[in-house]
Amino acid sequence: MEILAEDERLKIGRLSLLPYGTNAYILICRDTGESAVVDAPGEAEKIVAGLKDTTPRYILLTHSHMDHIGALDELRGELGIPLAAHPADAAPLSAPPDIKLNDGDSITLGRITLDVLHTPGHTPGSLCFKTAGHLLSGDTLFPGGPGKTRTPADFQQIVRSITGKLFVLDDATRVYPGHGEATVLKTEKEAFAGFASRRHPSDLCGDVLWRSA
């Protein structure tokens, strides 16, 4: 497991997992040893190994696309801890989430509080999780652009989610996406500002990069 951030209160680790190279994150409260898993792409045994010497409390789901839930059933059975997800993304799951999360909710992990942001666009129930200085953005925001959208309406929705929920956070916030490397929010705000200054076709959607669109 790659350690992305560590201080006196919080440790954040990342696992890039087969079959799609999707990121799973493990959050650990340094004071209590309580932990949470964010997404369950595959290779459940590697996720369980990353939780060694911690007390797992939750599986948090950013969204329910297949590349984020491949190991979910195995993890739920192995760990016996509640799954928390947005109800709008519950349909693809083999069993409903134990905890239904909505915008403005919070999750307590030892002495850490994770704030829940509902950021629809990539999926109707997409969620991001934030705690001081850190944002787990799922497939809502990547370095250089938003998550893939299926329709122009979805693209407009994800832009509203990003600008209204994420870009209001501090510039120094570290962003940990569902695929690929981390970024810093200031970098993404600056790239989006260039995008927003240009005209775009009304049917824009799909895989969009701020700098090339």
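**Pocket, fold and backbone of a predicted model**

The largest pocket has a volume of about 210 Å³.

Q: What kind of model is this, and how are residues numbered?
A: This is a predicted model, in which local features need pLDDT of at least 70, side-chain atom pairs count only at pLDDT 80 or more, and totals for chains, interfaces and linings use all residues. Residues are numbered from 1 along each chain as its sequence is written, and side-chain values use heavy atoms, with hydrogens and water left out.

Q: How is a pocket defined here?
A: On a 1 Å grid over the protein atoms alone, a pocket is an open set of points where a 1.4 Å probe fits, with protein on both sides within 12 Å along at least five of seven lines; lining residues have an atom within 4 Å of a point. The volume is the space filled by probe spheres set on the points, which are joined across faces, edges and corners.

Q: Which lining residues are closest to the centre of the largest pocket?
A: Phe 142, Pro 146, Gly 147, Lys 148 and Asp 207 are the closest, out of 15 lining residues.

Q: How does that lining divide by class?
A: There are 5 nonpolar, 6 polar and 4 charged residues. Nonpolar covers Ala, Val, Leu, Ile, Met, Phe, Trp, Tyr, Cys and Pro; charged covers Asp, Glu, Lys and Arg; the others, Gly among them, are polar.

Q: Where is Phe 142, and is it buried or exposed?
A: Phe 142 lies in strand E12, residues 141-142. The residue is buried, with a relative accessible area of 17% (buried means under 20%, exposed over 50%, partly exposed in between, with a 1.4 Å probe and protein chains only).

Q: What does Phe 142 touch?
A: Apart from neighbours within four places in sequence, Phe 142 is in contact (heavy atoms within 4.5 Å) with Gly 147, Pro 177, Gly 178, His 179 and Glu 188.

Q: Changing topic, what is the secondary structure of the chain?
A: The chain has 5 helices and 15 strands. Both are DSSP runs numbered from the N terminus: helices are H or I with at least four residues, strands E with at least two.

Q: Why is the chain called as compact as a globular protein of its length?
A: The radius of gyration is 16 Å, close to the 17 Å that the globule rule gives for 213 residues, so the chain is as compact as a globular protein of that length. The radius is taken over C-alpha atoms, and the rule is 2.2 Å times the number of residues to the power 0.38.

Q: What box do the C-alpha atoms fill, and how much of the chain is buried?
A: Along the principal axes, the box is roughly 50 × 35 × 30 Å. Of the 213 residues, 52% count as buried.

Q: Which peptide bond is cis?
A: The bond from Leu 18 to Pro 19 is cis, with omega near 5°. Pro 19 sits in the loop between strand E2 (10-17) and strand E3 (22-29).

Q: What is the phi of Asp 39, and where does that residue lie?
A: Asp 39 is not a glycine, yet has a positive phi of about 75°. Its place is the loop between strand E4 (34-38) and helix H1 (44-50), and Asp 39 is buried at 2% relative accessible area.

Q: And Asp 53, buried or exposed?
A: Asp 53 is exposed, with a relative accessible area of 76%. This residue also has a positive phi, of about 65°, and is found in the loop between H1 and strand E5 (55-60).
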